Structure formats: structure tokens, C-alpha cells
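Keep the structure open as you read.

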Amino acid sequence: MLTNLSVYSVGVRNHEVLMFRKLLFAFCVLVTLSVLSLIVAKIVIARAAKGKTYSDVSLVPHRRVGLVLGCPKRVFGGWSNPYFENRIAAAAELYHHRKIDYLVVSGDNHVQGYDEPTDMKNALVDKGVPSARIYLDYAGFRTLDSVVRVTEVFGQDKVTIISQEFHNQRAIFLADHHGIDAIGFNAPEVGLRYGLRTVGREQFAKVKAVLDVYLFHKQPHFLGQKMAVGYPPTFLDAQKASQLAEIMCRQLPNVGNYNEYRSVSDAKVDPGPKPTLADQVYDTPVMDDTYDALLSLGTYSMPCLVNRLMDARWMPDPRSEPLLGAPVVGDVAYMILFDKGVPDVLPGLAHKKPSDLRMDDYFLWPSVGDHRQRLQNAVRAWIGAQPDCCPVTPILLKSAPAQSRFRMSDAELARLRTQFFQLRPGMSPSEVLSIAGKPDAIDEDGDAPEHFRVNLLGFCSNNHNEHLAYIYFVERWTDEVPRRDPLHDRYLILYFSAAGKFTRMFSNVADIPPVFPQSASSWLQLMWGESIKN
């Protein structure tokens with residue numbers, strides 16, 4: 001009997017040992033699989049997001065819409081959530097640096113009294129982002145919901161996602177799987193003292209994201225009715241477009257910002273049109289009023305630009321790095337034509353390879369003999385052989401509501417015209433104000449933080465020694481000065497040098513001509529404050 005009990009006892013112990021070993025083996029397998037899944041998910045997501053996240057706002061490409069991923073405004077105990085604060089600050093920074101035009105704030109609102117999107121909108125408004133530029137997504141329950149809904153509901157296939165870097169990487173992975181061209185702007189990280197739990201949770205969220213994509217094929221909880229971001233486009237008819245093109249071409253000397261960071265390539269004829277700014281024509285901030293308008297006017301500005309190729313008048317150098325040469329009006333017209341899609345024909349005319357040409361050759365060669373005429377003939381011949389070149393037709397205007405926000409009466413416009421005809425280069429700001437009255441907006445310094453809320457002084461303003469600008473609206477459709485529309489709004493911009501002298505004036509008002517210096521000597525006098533004889 002005792003022997004039987006002993007055998008039974010040994011059997012039980014052996015069974016327990018066997019079960020323990022099986023459980024231990026299963027646990028080890030589970031831990032190994034978990035660790036492997038964490039590693040694989042991290043690698044897959046990091047690879048998908050490689051080169052697509054930015055921490056420096058100056059390097060972020062412009063996108064029309066930014067997507068802010070939601071989180072609670074406050075943490076347990078009522079303290080402010082640093083993740084929330086940092087995301088809001090990053091989104092506002094992108095907007096004020098003109099890297100995005102609209103924001104979709106996506107978060108959880110599944111119960112009454114908990115409203116992440118509204119909290120985000122209110123915080124962004126407090127940081128100076130206009131309420132009309134913010135769209136609320138109340139069904140962003142998960143990152144996957146927010147990412148998919150931005151395209152399925154809000155109609156965006158190209159976005160900038162705003163969150164912390166670890167979150168942006170996962171969102172970009174999900175966006176890539178759903179056919180969305182997404183980049184991420186990284187909000188500042190939170191120290192481990194406050195964010196250790198979030199960082200740990202994120203590792204498992206990455207695994208879930210990979211499983212949702214490749215195994216479970218998860219979709220958002222809700223989609224719903226589509227919502228357009230921004231106002232619908234309006235159109236400028238052919239007659240008005242041609243008239244506006246002539247107004248813009250007459251003030252080519254006022255092109256004050258031209259970024260020459262582009263390589264000179266071999267002249268070649270590509271079948272069909274070269275890509276234009278048609279996909280960026282909505283809501284993009286103005287870089288230079290004259291240049292932007294001539295570029296966006298498509299085929300309508302081609303004839304006057306080709307005619308201006310013969311214009312050898314002096315003008316201030318509009319390049320961001322004016323190292324070599326001194327372009328005249330015809331040279332700037334050629335630069336704009338190049339950016340509109342006309343190939344570089346000058347190397348062929350000069351019998352040189354593009355790589356053999358220096359930047360100053362583009363200003364020296366046309367100034368010799370009949371070279372400018374030959375350049376014009378070559379451009380005109382190319383355009384004649386390429387009737388499909390450079391279209392933006394019909395002319396799509398930037399975001400414009402159904403009715404203008406402001407329009408001067410005929411009497412007010414006549415009075416303004418009389419006042420502005422009294423302005424002369426060299427006047428001080430106080431003299432100008434005494435004649436023209438209070439402006440609608442003032443840009444006092446291109447390097448000041450408030451500059452981006454007005455954006456009158458361009459990135460070449462320091463080269464011109466211009467440190468002050470006033471804008472006067474005659475007709476206004478857009479809701480913000482930085483996103484003014486030179487194709488639809490009507491306005492005048494007055495520029496002043498650091499020496500306190502009125503230097504030039506942009507005008508797209510038909511009856512008020514632009515003002516610009518007539519010679520290098522008068523320009524230098526205006527820039528450095530020497531007396532000018534009228």
C-alpha cells in the first residue's frame with residue numbers, strides 16, 4: 001500500500017514538473033514572440049517613416065492641410081498634458097510659418113463632456129490660428145481612424161501629420177498603407193518623468209498597427225458625410241485674366257523675391273505641359289505678389305512676358321543671393337517663363353553646354369547686340385510649337401468665399417486714387433500716412449515674430465534694405481493678409497527702406513499705376529537715405 005502511494009506521489013510530482021516545464025516553455029515562447037513582434041513592428045514602422053518626419057519647421061515642405069492627432073488636454077489630477085501643449089504649439093508654428101493653410105484636429109468625442117477636437121481648436125485659436133482655418137474631426141477614436149478619415153471624409157491625399165515623433169512614425173505607416181502621401185512635423189518630446197507610460201504603451205501600439213494593417217485589415221469605426229476643407233474654387237474669366245496679366249507685366253520691376261535655388265538644365269522639349277502651380281493655387285501664402293500672379297495666370301500671362309523679354313530697363317535685383325550679374329526686366333521675365341514651363345533655350349543660342357554657363361552669363365549674353373531679340377524669337381517659336389504649354393485654365397483663384405469681405409465704393413476709390421497720385425519716392429512713412437491714411441496692415445520687420453501674420457516683406461527684403469511695408473485693400477475676398485490673392489483681391493503695398501524712405505509700390509488696381517525706382521542711383525539714394533531731387 002505504501003509502495004503504491006509512493007509511486008502515485010512520484011507520478012504526481014513528475015506530472016507537475018512536466019506541466020511546469022510546458023508552462024515555462026509556453027511562457028518563453030510567448031515572451032520571445034512578443035519581443036520579436038516588438039522588434040519587427042518597430043523596424044517596419046521606422047522604415048515606412050524614414051525621411052518623412054521633420055523637427056525643424058524651416059525644412060518642412062508646404063502642404064495644404066495639417067492633421068493634428070488628438071490627446072487629452074489634461075491628465076489625471078487636472079494637470080496640463082504636455083503632449084497636448086506641445087502638439088498645439090507645433091501646429092501653430094507650422095501655420096504661422098506658412099507651411100500649412102488649414103488644420104484638421106482629430107480626436108475622441110464619444111461621450112458628452114469629453115471633447116478633444118474642441119479643446120484643440122480653442123487652444124489653436126488662442127495661439128493666433130483663425131477659427132475658419134480649423135476643421136474638427138470628432139471621430140478620431142484611434143490613430144487609424146484619424147488618418148483614414150482625413151482622406152475619406154476630408155478629401156485630402158497629401159497631409160502633414162502633427163504629433164510627437166514616435167506617434168508620427170506610426171501614423172505615417174498607416175497613411176502609407178492607405179495610399180496617403182503623409183509627412184510628419186515632430187512636436188517636442190516629453191521627459192520620461194511624465195511620458196514613460198506613454199512611451200511604453202507606444203511599443204505595443206506599433207505592434208497593433210502592424211497587425212491591423214496586415215492581419216485584421218481594420219477600418220475606421222465611422223466615416224460619414226464628406227466635408228470639403230476650404231472654400232470651393234472660383235474662376236477668373238479669360239478677359240479679366242488677360243487684363244490682369246497686363247497689369248502685372250507692367251510692374252515686373254517690382255518683383256522683389258525670386259528664389260534662384262534651381263539648377264540650369266539642358267533645354268529639351270517634353271511632350272505635354274510641364275507641371276505648374278495649379279495644385280498649389282488654393283490658399284498658399286504669397287511669396288511675391290507680382291511673381292505669384294504672373295506664374296498662376298498660366299497661358300494668359302505668356303504673351304506679355306514674351307514681349308517683355310526685350311525690356312532692358314534697370315530694376316532692383318530680386319534674387320535671394322545676388323552674387324553674379326545684374327538682371328534687367330527682360331531677364332526676370334525669362335526667369336518667370338522658365339518657371340512656367342518654357343525650357344532654357346539660352347545655352348543653345350550661346351552654343352554652350354548648360355554646365356558651362358555661369359549665372360551672370362544669363363544677364364550678359366542677352367545684353368550684347370541682337371541677342372535679346374534672338375532670345376525672344378527662340379522662346380516665341382518654342383511656345384508656338386507647344387500650344388499645350390503652361391496652362392492654368394480656367395484660372396483657379398485661391399480660397400475665396402461667395403462674397404467679398406470688403407469693397408470700396410466708387411467715391412472711395414476715386415478719393416484713394418487722388419491721394420495715391422500725390423505719393424513720391426523718398427517720402428517718409430509719416431508723410432505717406434498723412435496723405436494715404438491708416439493702412440489695413442503693417443509689416444515692420446521681416447525677421448520679427450509678427451511678420452508671418454502679415455507677410456508683406458519677402459525673404460529678399462534685407463537685400464533691398466526694406467524694413468517696413470503698408471497694405472491698403474480696395475477689394476478683399478480672402479480672410480488673411482498673408483494669404484491675400486493677387487488674382488482676386490485688389491490692393492496696394494508700399495515699401496520703405498531702413499533709412500525711412502518710400503521706395504516702391506505694388507498695385508494690381510487698374511487705375512493706380514505701380515511705383516518703382518527708375519535707376520540704380522535713385523534706388524541707392526532711397527535705400528541709404530540720401531536726399532532726392534524731385
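Here is a short tour of a helix and its surroundings, then a loop. The model is predicted, so local features need pLDDT of at least 70 and side-chain atom pairs count only at pLDDT 80 or more, while totals for chains, interfaces and linings use all residues. Residues are numbered from 1 along each chain as its sequence is written, and side-chain values use heavy atoms, with hydrogens and water left out.

Start with α8, residues 289–296 (helices are DSSP runs of H or I, at least four residues, and strands runs of E, at least two, numbered from the N terminus). Eight of its eight residues are buried, so α8 is largely enclosed by the rest of the structure; buried means under 20% relative accessible area, with a 1.4 Å probe and protein chains only. Among them are Y291, D292 and L295.

At the start of α8, a side-chain oxygen of D288 comes to within 3.3 Å of the backbone nitrogen of T290. Just after α8, G298 has a positive phi of about 55 degrees.

Now bring in α7, residues 238–249: its axis and that of α8 come within 10 Å and cross at roughly 145 degrees (axes are lines fitted to C-alpha atoms over the stretch in contact, and angles run from 0 to 180 degrees between N-to-C directions). A245, M248 and C249 of α7 meet D289, T290, A293 and L294 of α8, where contact means heavy atoms within 4.5 Å.

Finally, look at D485, in the loop between β11 (466–476) and β12 (490–497). D485 counts as buried because its relative accessibility is 1%. A polar atom of the D485 side chain lies 2.9 Å from the backbone nitrogen of L487.

Notes. Buried < 20%, exposed > 50% of the residue type's maximum accessible area, 1.4 Å probe, protein only. Polar contact = N/O pair within 3.5 Å; in protein donor to acceptor, adjacent residues only side chain to side chain.
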